[in-house]
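Let's take a walk through this structure together.

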Protein chains: 2
Amino acid sequence: MATIDEITCPVPAPATSQIILAHGGGGRLMHRLIGQLILPAVGNPILSTLHDGAVVEVNGSRLAFTTDSYVVRPLKFPGGDIASLAVNGTVNDLAMCGARPLVLSVGLILEEGLPLDLLNELMQSLGRAAAEAGVLVATGDTKVVDRGKGDGIFINTAGIGIVEAKTPVVPSSVRPGDVVLLSGDIGRHGIAIMASREGLVFETTVESDSAPLAAPVLHLLREDIAVHCLRDLTRGGLGAALVEIARGAGVKVTVDEAAIPVRPEVQAACELLGLDPLYVANEGRFVAFVSPEDADRALGILRAHPVSSGAVVLGRVAEGEPEVVATGVLGTTRVIDLPSGEQLPRIC
Amino acid sequence: MATIDEITCPVPAPATSQIILAHGGGGRLMHRLIGQLILPAVGNPILSTLHDGAVVEVNGSRLAFTTDSYVVRPLKFPGGDIASLAVNGTVNDLAMCGARPLVLSVGLILEEGLPLDLLNELMQSLGRAAAEAGVLVATGDTKVVDRGKGDGIFINTAGIGIVEAKTPVVPSSVRPGDVVLLSGDIGRHGIAIMASREGLVFETTVESDSAPLAAPVLHLLREDIAVHCLRDLTRGGLGAALVEIARGAGVKVTVDEAAIPVRPEVQAACELLGLDPLYVANEGRFVAFVSPEDADRALGILRAHPVSSGAVVLGRVAEGEPEVVATGVLGTTRVIDLPSGEQLPRIC
């Protein structure tokens, strides 16, 4: 009799035997890919924290270190382009570690046929974004791939910052009672990309919120606000960020859905496209978990910076199941979960 | 009469209005692209040194910081794969700054359809290479692009190291009289890639020399060898590395061509393919410029490490025109120049 090992009749390959776009979406599939395949192969205690950036101790200095590759389409969109995004995104990941961004590396993967004029325009934009964010591009690399083996330009940036936060800014520092602040209206980056990719025209052009966030974060730290956790709301949006923190901290996060600022044109676009703004990507928005006694002062500091002038109190941390519960305008509640896959591919 | 600015008849676009493969080849075209387009846009004194890595001072520590994207085809080849290459290449760039490699970031750009089995195999290889090189993968990022917009997998790694060299390990530290050491035989990586890409079969399989080089470099520094400059012999090979250093240092480098170790099978493949081994890429070879009084000791140290056991004295530094002159077996001399473009595209 054949044992189970000897049965060799072909079975259909499972849907997950190959990479699919949703593996890059910041949702459950990506978490599974990282947790089941990448971490077992290359993991270590630092990588396994799965924060946006790592904090490493070098000669007594605490350094934040992070990387992101940018594959956004189209290369230029209202409010930004792939190059400014590549600077802001990495600067923001450093800021979310409670760090002052210092230097960036830039790795370009260019597709044969990319117009030099466009490359020049993008490099000018990258230089301006770095100057605005106060970081130096310290090192770089240029590779070229054959026509049809890339998509114009991909940009990787890695960044080093120096941690200014006195206590770890990580999910495990979050405490019941903490107040959750949101730095401004959500959903603009995702909708700007979607609209410009699909040629959708709204009455008001939605511009990406792409911006460097280090200034308000460093201001919070300088004023000794007890900042327990920070997270920028990129792939997966506000929803994924809150769920990741709730699970990482082992706490319940309650959110007042009516408090979430969404511009009318973004709300309209989301309704038209069947999207939940909670999961739409942002590139210049973050949440801050702070001690309740510091919440008012923190809100004031955030509102003093143009990039976070629309900051609001979003919710509270409580003891309980690690989950995120949103209370709607009519008092109804819903549990916010991770998005399963990809809402908008190649958003950053 | 029309002025020159008013003449608008269409002229053929110059060959360089678009990116071509040779822009990625480590030769003259790449140097021009970086010097004329990228540096003016994002340049600063650190980036403008154009070393393989930058040295930045953070809280009194001298850190080396470097990045490279890997786009090699095929993904697996005799002696290595894209993942081990992505670790070794970046570790080596740190070592060439006279630094001890500490942490790496890994940015993956995956093409839809990449088999998960292959990804798993590559991540295992990446983990092994990191362990062998003694570095931690501290942070990472995963992006997915549509089928036909990538090429299986591209890997970016950035790395941080701590500079152990007491004096700057840069071309400008090179002095007339310095001895040039070469760490072993050249040309294997390029020929291994070429052969496996083109399906060439030689009597002996040529294996890539891809390997981490930090151990012999740190040994030189620990023994207080006066190391003035180091360079690994990647894109552009030994030839490009020597020319870049001669120009950066403003010195003449004389090389004994008969001293350059080239394995017979590599020599045969080069002759067959019409390639000069001097310009063929390596991924585990470097040159060291050291004080003449330390040369013998340095050679002994290099030879004590498996990865540089074939080290030889390659040449000398003299005053004179910044150029590289090779003396052949019959006493003839030739000037070694930068390769103009791409000898083998997508070699790393």
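Start with chain A, which holds 8 helices and 14 strands; here helices (H or I, at least four residues) and strands (E, at least two) are DSSP runs, numbered from the N terminus. With a radius of gyration of 21 Å, close to the 20 Å that the globule rule gives for 348 residues, chain A is as compact as a globular protein of that length. That radius is taken over C-alpha atoms, and the globule rule is 2.2 Å times the number of residues to the power 0.38. Along its principal axes, the C-alpha trace of chain A spans about 65 × 60 × 55 Å.

Before going further, a word on conventions: this is a predicted model, where local features need pLDDT of at least 70 and side-chain atom pairs count only at pLDDT 80 or more, while totals for chains, interfaces and linings use all residues. Residues are numbered from 1 along each chain as its sequence is written, and chains are lettered from A and ligands numbered from 1 in the order in which they are written.

How much of chain A is buried? Buried residues make up 57% of its 348 residues. A residue is buried if 20 or more other C-beta atoms lie within 10 Å of its own, exposed if 12 or fewer, and partly exposed in between, with C-beta atoms placed from the backbone. Contacts tell you about the fold too: among those in chain A between residues at least 6 apart in sequence, 85% join residues at least 24 apart. Two residues are in contact if their C-beta atoms, placed from the backbone, lie within 7 Å.

Next, the domains. Chain A is divided into domain 1 (52–163) and domain 2 (171–336), with bounds that come from an automatic or database domain assignment. Taken over C-alpha atoms, the centres of domain 1 and domain 2 of chain A are separated by 23 Å. Their contact takes 21 residues from domain 1 of chain A and 24 residues from domain 2 of chain A. On the domain 1 side, the elements that give two or more residues are helix H2 (82–95), E5 and H3 of chain A. The largest share of that side, 8 residues, comes from H2(A). By class, the domain 1 side divides into 10 nonpolar, 7 polar and 4 charged residues. For this count, Ala, Val, Leu, Ile, Met, Phe, Trp, Tyr, Cys and Pro are nonpolar, Asp, Glu, Lys and Arg are charged, and the others, Gly among them, are polar.

Now bring in the partner chain. How many residues of chain A are in contact with chain B? There are 70, and they meet 70 residues of chain B. Elements that each supply at least two residues of the chain A side include helix H1 (28–42), strand E5 (99–111), helix H3 (116–133) and strand E7 (153–163) of chain A. The largest share of that side, 10 residues, comes from E6(A). Sorted by class, the side of chain A that touches chain B has 38 nonpolar, 24 polar and 8 charged residues.

While you're at chain B, find helix H5 (residues 214–222) and helix H8 (residues 295–303) of chain B. Pro216(B), His219(B) and Leu220(B) in H5(B) meet Ala298(B), Ile301(B) and Leu302(B) in H8(B). The residues of this contact divide into 5 nonpolar, 1 polar and no charged.

Some local backbone details deserve a look. A cis peptide bond, with omega about -5°, joins Arg73(A) and Pro74(A), and Pro74(A) sits in the loop between E2 and strand E3 (76–77) of chain A. In chain B, the peptide bond from Arg73(B) to Pro74(B) is cis, with omega near -5°.

Asn59(A), in the loop between E1 and E2 of chain A, has a phi near 50°, a positive value in a residue other than glycine. Is Asn59(A) buried or exposed? Asn59(A) is exposed, with 12 other C-beta atoms within 10 Å. Asp224(A) has a positive phi of about 60° although it is not a glycine. Asp224(A) is also exposed, with 10 other C-beta atoms within 10 Å.

Finish at Ile347(A), in the segment after strand E14 (333–336) of chain A. Ile347(A) counts as buried, with 27 C-beta neighbours inside 10 Å. Leaving aside its neighbours within four places in sequence, Ile347(A) is in contact with Val72(A), Gly190(A), Ile193(A), Arg235(A) and Ala281(A).

How values were computed. Axes are lines fitted to C-alpha atoms, for helices over the stretch in contact, and angles run from 0 to 180 degrees between N-to-C directions.
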